[in-house]
Amino acid sequence: MADQSHGDGGIAGHLQYWTVKLDESNPFMQIHVDTMLITIVVAASMFGFALWLKGRLVEGAPKGAQNFMESVVGFVDQTVKDNFPVHNPLIAPLAFTVFCFIALINTLDVLPAFLLGNVAHLFGVDHFRPVPTNDLNLPAAMAVSVFALVLYYEFKLKPVHFCKELLMEPFTNLVPGFLKPIVMPINLILKIVEELAKPLSLSFRLFGNMFAGEVIFLLIAFLLLGGGAVGMAAGFFVGLAWSAFHLFIGLLQAFIFMILTVVYLSIAHQPVEH
């Protein structure tokens, strides 16, 4: 019944993207239009809101939106001060942007599971997923950007130490001199795996939590719409409770992504110990 009400494919059908394939034979040559569209809309909304608020800033006791945003700025600024011991004017604005961007996108997940998909159907779009953090492409792109920034500061601030660390620590320094040429490549491979684990964990943590939340939302929605009167009542209250919990999870994941970004950049700025 639920499948008939919501198109072919059931839950699996609602987990498909609005996709434009550039090459049918290559799965990597495709664009998720819904992910790009919502990402651009949220980013443009943040920029527009900043311009709107800039023209309404007042001195003294702030009110309304200015008061709320000053609270968020103060929270992020204090978090950066607690976890980033050196001065870099880029870090706090970066952390603030990352936190607000991910929090706004994750908040879209509290909308009814089928709402934007059904609206998209009215315009002839077969599939539409409204939360870009459910698409691994966006968390991976953000994580790779953070990783590139970390590498930039590692090579800029302590290039010799970073290269030496890749080749010598922790194993090469522990073996006798004649074994170092043998252990050095192994040490390098393990250090590369360790470095690559940072963007992987950063992206998969955000993607996994938001994707699992969407699947549970869809299960609740099918219970609500396909389980009769009892199912509808149970689905409504369970869905309401899950929406509140998932809103908290979305904010928590935004904070975790932000704090890990600050920590990784803080490690890259750590002075060399002699």
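**Note on the predicted model**

1. Leucine 37 lies in helix α3. This is a predicted model, and leucine 37 is partly exposed in it, with a relative accessible area of 40%. Leu37 belongs to a nonpolar surface patch of about 770 Å², whose other members include Trp18, Met29 and Val41. Helix α3 (residues 33–54) supplies the largest share of this patch, namely four residues.

2. Confidence should be considered next. The average pLDDT of the protein is 85, and 92% of the residues score at least 70. Over residues 1–7, however, pLDDT stays under 50, and the model has eight contacts beyond four places in sequence for this stretch. Where pLDDT is low, the predicted coordinates should not be read in detail.

3. Five salt bridges are found in the whole structure. One of them joins glutamate 214 to arginine 129, at 2.6 Å from N to O. This pair links distant parts of the chain, 85 residues apart: glutamate 214 is in helix α9 (residues 180–226), and arginine 129 is in the loop between α6 (115–122) and α7 (137–157). Both glutamate 214 and arginine 129 are buried.

4. Lysine 191 is buried, because its relative accessible area of 8% falls under 20%, whereas glutamate 194 is partly exposed at 42%.

5. Helix α4 (residues 64–83) holds both aspartate 77 and lysine 81, four residues apart. These two form a salt bridge with closest N and O atoms 3.3 Å apart. Aspartate 77 is partly exposed at 30%, and lysine 81 is exposed at 55%.

Conventions:
Residues are numbered from 1 along each chain as its sequence is written. This is a predicted model: local features need pLDDT of at least 70, side-chain atom pairs count only at pLDDT 80 or more; totals for chains, interfaces and linings use all residues. Side-chain values use heavy atoms; hydrogens and water are left out. Patches are made of residues with over 30% relative accessible area and no salt bridge: like charges are joined within 9 Å, nonpolar side chains (Val, Leu, Ile, Met, Phe, Trp, Tyr) within 5 Å. Accessible areas come from the Shrake-Rupley method with a 1.4 Å probe; for residues, only the protein chains shown count as cover. A salt bridge is a side-chain nitrogen of Lys or Arg within 4 Å of a carboxyl oxygen of Asp or Glu. Helices (H or I, at least four residues) and strands (E, at least two) are DSSP runs, numbered from the N terminus. Buried means under 20% relative accessible area, exposed over 50%, partly exposed in between (1.4 Å probe, protein chains only). pLDDT is the predictor's confidence in each residue, from 0 to 100. Contact means heavy atoms within 4.5 Å.
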